[in-house]
Amino acid sequence: MMPWHLGRMAALDFEASDKDPETARIVSGALILVGGGLPTDTRTWLINPGIPQEPGAIAVHKLTDEHLAEHGTPADQAIPEIAKSVAEVIAGQVPLVGHNLGSYDLNLLDRECRRHLGDSLEGVCRNPLDRVIDTMLLDKQVCPFRRRVSETQGPYQMRTTAETYGLGWDEDAAHGAEYDALMSARAAYRMGAIAHRPRAERPVWVHQLRTQRFDSLAGVSVEDLHQMQIGWARENAASFQEWLRTKAPEGKRDPDAVIDGCWPLRPVGGEA
């Protein structure tokens, strides 16, 4: 069996109008087919969502409402194009890869499909999402307990993951869908490559970790890796929920906190 990281991948990333996939609208997207010994195929979209964006979202991706209104494709045209492209990838059994893909981007696209196409993402694709590689989830699994880099840079955000695996970071290009999608695919490859090396040949920084679990990514199929991530996501959610309820500092503690561990698609949380 060929190691999963050496096969073809479809890197997917979206920039959106706000942080909540229940209410957010896609404003840009990229789907990049890479690896597997084939040429890279890049598809990008710039979308006019038809609603005002949150100022915080604009500050991140720099796509203003005025720019999207002038240059973006109307959402009712763009969303079907994106869904069709993703459906083709899934039908071809190419795994989707992205950073925080199962907690945000796929749920964002699912809600957009319901909004514009009247069906769920899986319904539109006529196939289940059973080959998803979420690099944030993988990074948390293989390098647990990593601390924040700074007050503004979290331990598992895309930049931290990229820098951890020696990919560098271009802040000027970051938070563009094409750049972030490609970085997620490269990070997935680096994780898989480390996992499939003999322990003695892994990078020095891996040996210096207090805890590392790269072996869990080795010798498994993409389908098995998907199923393993379902369990990891559930465990992470339960752990975070317990922390919020009992261990979080004052101001963050919530004894009634509920963290949904469903992955890669969450139940619809309400009308948007």
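Which residues do ring pairs link into a cluster? They are Tyr-165, Trp-205 and Phe-214. Keep in mind that this is a predicted model.

**Aromatic pairs**

Counting up the aromatic pairs gives five. Take Trp-169 and Tyr-179: their planes sit at 75° with the ring centres 5.3 Å apart, so this pair is edge-to-face. It ties together distant parts of the chain, since Trp-169 is in the loop between helix 7 and helix 8 (177-195) while Tyr-179 is in helix 8, ten residues away. Phe-240 and Trp-243 are arranged another way: with planes at 15° and centres 6.0 Å apart, the pair is stacked. Both of these residues belong to helix 10 (residues 222-247), three residues apart, or about one turn of the helix.

The cut-off for buried is under 20%.

| Residue | Relative accessible area | Class |
|---|---|---|
| Gln-153 | 9% | buried |
| Gln-141 | 10% | buried |
| Trp-169 | 18% | buried |
| Trp-243 | 32% | partly exposed |
| Phe-240 | 40% | partly exposed |

**Two glutamines**

Gln-141 is part of helix 6 (residues 135-142). Gln-153 sits in the loop between helix 6 and helix 7 (158-164). Its side chain makes a polar contact of 3.0 Å with the side chain of Thr-160.

**The core**

The largest nonpolar core holds 67 residues, and Trp-4, Leu-96 and Leu-217 have the most contacts inside it. Beyond its neighbours within four places in sequence, Trp-4 is in contact with residues including Met-9, Ile-133, His-196 and Leu-217.

Key: Residues are numbered from 1 along each chain as its sequence is written. This is a predicted model: local features need pLDDT of at least 70, side-chain atom pairs count only at pLDDT 80 or more; totals for chains, interfaces and linings use all residues. Side-chain values use heavy atoms; hydrogens and water are left out. A nonpolar core is a set of buried Ala, Val, Leu, Ile, Met, Phe, Trp, Tyr and Cys residues joined through side-chain atoms within 4.5 Å. Buried means under 20% relative accessible area, exposed over 50%, partly exposed in between (1.4 Å probe, protein chains only). Contact means heavy atoms within 4.5 Å. Helices (H or I, at least four residues) and strands (E, at least two) are DSSP runs, numbered from the N terminus. A polar contact is a pair of N or O atoms within 3.5 Å; within protein, one must be able to donate a hydrogen and the other to accept it, and residues adjacent in sequence count only if both atoms are side-chain atoms. Rings of Phe, Tyr and Trp (its six-membered ring) pair if their centres lie within 6.5 Å; planes under 30 degrees apart count as stacked, over 60 as edge-to-face and the rest as tilted.
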